[in-house]
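Subject: The structure I promised you

Hi,

Here is the structure we talked about, ready for you to open. Have a look at it first, and then read my notes below.

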Amino acid sequence: MSDNTWDARKIHEQLTRIFRGELLFDEISRLAYASAACIYRIKPLGIACPQDAEDLRRLVAFAAREGIPLIARGGGSGRAGQGIGAGILVDFTRHMNRLVHVDVAANRFRVQPGMFLTRLNRSLSEHGRFFPPDPSSGDCASIGGMIANNSSGPHCPIYGDTRSQVQALEVVLPDGALERFNPVSVDGAEWIRMMEKGGRKAELHMGVRNIAMRSAELLQEKRPETTKNCCGYNLWDAFNGESVDLAKLITGSEGTLALVTEAELTMTPLPRSSLTALIYFDAIEFIGQATEEILKFHPAMLEIIERNILDLARERWPELKPFLPQGIEALLFIEFQGEEPEETASRMKALEHRLAREMRIIKGFRVAQNAAERQLLVRVRKASGPVLNTAKGERKPVAFIEDAAVHPRRLSEYIIGLKEIFTRHGVKAAIYGHAGDGNLHIMPFLNLKDPEDVALMGSIAEQTYDLVLGLRGTISAEHGDGLLRSGYVRRQYGELYEAFVEIKRLFDPLSIFNPGRVVESEPDSLVKQLKYGGFRTVSTGSTLDELEIREEIERCSGCGQCRAYCPVADVVGDELSTARAKASLLREVISGGMDSAQDLVSENMKEVFDRCMTCQQCLVECPSGVDIPALVTRLRAHYIRKKGQPLGSRVLADTALISGMGSLGAPLTNLAARMSPVRIMLEAVIGLDRRMLLPTFSRNSFRKRLKERPKDGSEPVAYFSGCFGNYCNPEGESLAAVEVLEKNGFRVTVPDTHCCGAARMALGAFDDLEDDAEHNVELLKPLAAAGVPILFSDPSCLLAVKHDYPRMLSSPESGDVSRACTDLMLFLLKLFRQGKLDTDFGEVPMRVAYHNPCHLKALGGGTEVRELLTLIPGIQWVEVPDSCCGLAGTFGMKKANFDLSAAIGASLFRAIREVRPHRVITGCGACQLQITHGTGIPAMHPIQLLAWAYQRKAPYTQKA
């Protein structure tokens, strides 16, 4: 059905009278939810976020009366297109997301469907337990979505899939009834009582039993010879001859039979020991034989990566080259888990002997020798997705046959057959996945904007499934059928397909639950309603028309990982706060799905994009490497040019002006900033929240003091002093940086640079920034040309000059300057590793916690701080989680964002207070303010600690 079948406004009005949760029927929300981690786009009628089971019952009853489809949605991480549709999407993650009860003695827990796997396991870890299915999307996969797809993951060989953990489900049926399903013996008292009572529950149990019994021969004949299967409905476990288990049937049904409101699941003790290794092959034909042998040793994980991905990974990450030798066709990543390290090591050694000495079928065997090497081996295993997502060219890796599986012993036949198909069609493809289950994730490279490649996708699917079914495999192992594969379910099961249709009609006679999935799909659903099918771009009259920006928008795969790493999305918890939503909306703009002239400057659009705090975590955390902050700032720039910039934003963004005036008027400005009338006035005029802890300004700025300071040292370096270090904390940052560098024999030049403009960059005030950026590049260009290192103690300044200037100015000079810039602490660490750092430190008896600023993390830094400070005698480290403080420059200072900012930083503040350090070490001035405000514990720059150690003195540190 099209999204025009119903009157959205009328439906919204009717639902408002009976529904207590959130209803999102506005155009922005509908477009943001129109796609997800799949290749499809379907604009929904609206989105409903139920408060509880009763709310859901009302929604279902209403939808049944009106004939409106309901599509259950969790984190939107499903690749097959289950979580999108033309009806009402039901988003469980907003409110129905709690861990209800934990029974440690029984190793069971009850949870609502909207809770994300990572958060669940964080809570269960407090009891020494975890929920073992571990899909790669775990950070953004909801438990309801995992139940709907019967998710598993790389540890399936030892822990099984989601279905194996399901004990009972509480569900809402298509008629609005709330029922609890658990195994019921057909000879037991519960069965007899249920049949005597009659009603819908009895009808479903008896109906499933009868269908399964009538189909017994076909079920036996058509069951795939695989270790896991998600294709069709699971009638095999729904009736085993003795009991009916509707919970097992609903698991994997993709929200087509019932909607889960609560699940009772089993949990597992956390493993005590694990050991990993890479096994290399120079011939594909040995993979199946090796896999079958390895499984006899009971690995916890067994993953395969073939040559195409290995070649790409070797090129992108040179540091992995020692683990990716040339001339190998594939590798297997293996993990053993056990109670004791000796036991896992013994198993690993025995396996190596068996494969290398006795069978002689492997090229090499590399066991992780320590924690650092284990981390690198894990990076090799996890390289597949990220390296494919950033592939260049018109043809991109497409997930459409990525979930088929065969028995592990037939892996070699399967891989060889796949390569023949791809060679025949002239298509490049990457292969990786779960060798332990014979479940390969195959990613052919296609251009879905090209009708010929769309047709080719259909041909490849047909031939691949013929190959899979000829090997008695399954077309769906863990990602589900969805729009990708529902049209092929009949091909896999033949006559048994009719039994699945009976099941659907038994549960959902009106077909309102996720219609067209699993059964009764359109035969060509694979190639219809594609996100980029028939895709065209339109002129927007903005910087979005630039080719580089459009490529950035289109690079978003919709995986949803940003729900976990984006500080705002993590706290707010809705789709519109995600980076994915912003990319989706911009894709709609550049393709004509929205009115670019109106919508780009609408208040609704501005509200969505104002939720981005430009923390830059997308640069390091996004699997596709999408620079969402760059897209956000360009949209803000377009808004400013069309509608102007509010006074408050303009003032707060001019860091140099505010800091300079504050310093000029100090100490009176510091006194005034603590007075309530002044704070009230600042809040009213420029939106600066009166509760915010403001920096104190120094009358004698760093640059003033520098003029009076004699220069020392011989080897030249340049130092870029940020506004915070210049005006607010000259002793604790900028002067300390110069002292430490001079102590190590450097002659420090401080160029007369203007403010880096990081705050203006975040707001999109490019027109105000460009002159300063060009001035700075012109000033730093001769230093870069002379090979003089340009050092930064402020990560935000470094990020602006190193990352943002080249993109904004598009000049060769900005690129040259960018390459010459580096973080001060990283520079000092390199000196130490070269044996050139003066390590004559005095003792600094201090308990410290380290916080890694988001902008330093975005540059790939932070670890060097701890490595350096550990050299100082007397330093005692206490651990805190690596999380955002929430301030993000001026973002959290604004009244509109203050509460959100505090909520983002709350977990970090709580962790810091619990370990009670004397000082918190962080390289960002804004983070220092926020952490001090949130914890009451002073925060300082790490360079100050080094300066103290060289001076052999430290301030009094109170007992904590």
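Let's start with a salt bridge: Lys895 pairs with Glu683, with 3.9 Å between the closest N and O atoms. (A salt bridge here is a side-chain nitrogen of Lys or Arg within 4 Å of a carboxyl oxygen of Asp or Glu.) The two partners come from distant parts of the chain, 212 residues apart: Lys895 is in the loop between strand 26 (875-878) and helix 44 (898-915), while Glu683 is in helix 33. Helices (H or I, at least four residues) and strands (E, at least two) are DSSP runs, numbered from the N terminus. Lys895 is partly exposed at 46% relative accessible area, whereas Glu683 is buried at 11%. For those words, buried means under 20% relative accessible area, exposed means over 50%, and partly exposed is in between (1.4 Å probe, protein chains only).

Before you go further, note that this is a predicted model: local features need pLDDT of at least 70 and side-chain atom pairs count only at pLDDT 80 or more, while totals for chains, interfaces and linings use all residues. Residues are numbered from 1 along each chain as its sequence is written, and side-chain values use heavy atoms, with hydrogens and water left out.

How many salt bridges does the structure hold? The count is 69. One of them joins Glu335 and Arg374, at 3.8 Å from N to O. Glu335 lies in strand 16 (residues 330-338) and Arg374 in helix 15 (residues 371-381), so this pair ties together parts that are 39 residues apart in sequence. Glu335 is buried, with 5% relative accessible area, but Arg374 is partly exposed at 28%.

Then there's Arg580 with Glu575, which meet at 2.9 Å, N to O. Are these two buried or exposed? Arg580 counts as buried at 2% relative accessibility, and Glu575 is buried too, at 0%.

Aromatic rings

Next, the rings. Rings of Phe, Tyr and Trp (its six-membered ring) pair if their centres lie within 6.5 Å; planes under 30 degrees apart count as stacked, over 60 as edge-to-face and the rest as tilted. That rule gives 11 aromatic pairs. Take Phe109 and Phe131: their ring centres are 5.7 Å apart and their planes are at 85°, so the pair is edge-to-face. Phe109 is in strand 6 (residues 108-111) and Phe131 in the loop between strand 7 (129-130) and helix 5 (143-149), 22 residues apart. Phe109 is buried at 1% relative accessibility, and Phe131 is buried at 1% as well.

Phe841 and Tyr950 make a tilted pair, 4.8 Å centre to centre with 40° between the planes. Both Phe841 and Tyr950 are buried. You'll also find one aromatic cluster formed by Tyr233, Trp236, Tyr493 and Phe500.

Charges over rings

Which ring does the charged end of Arg381 sit over? That ring belongs to Phe333, and the charged end is 5.9 Å from its centre. Lys606 has its charged end over the ring of Tyr639, 5.5 Å from the centre. (To count, NZ of Lys or CZ of Arg must be within 6 Å of the ring centre and within 35 degrees of the ring normal.)

Happy browsing!
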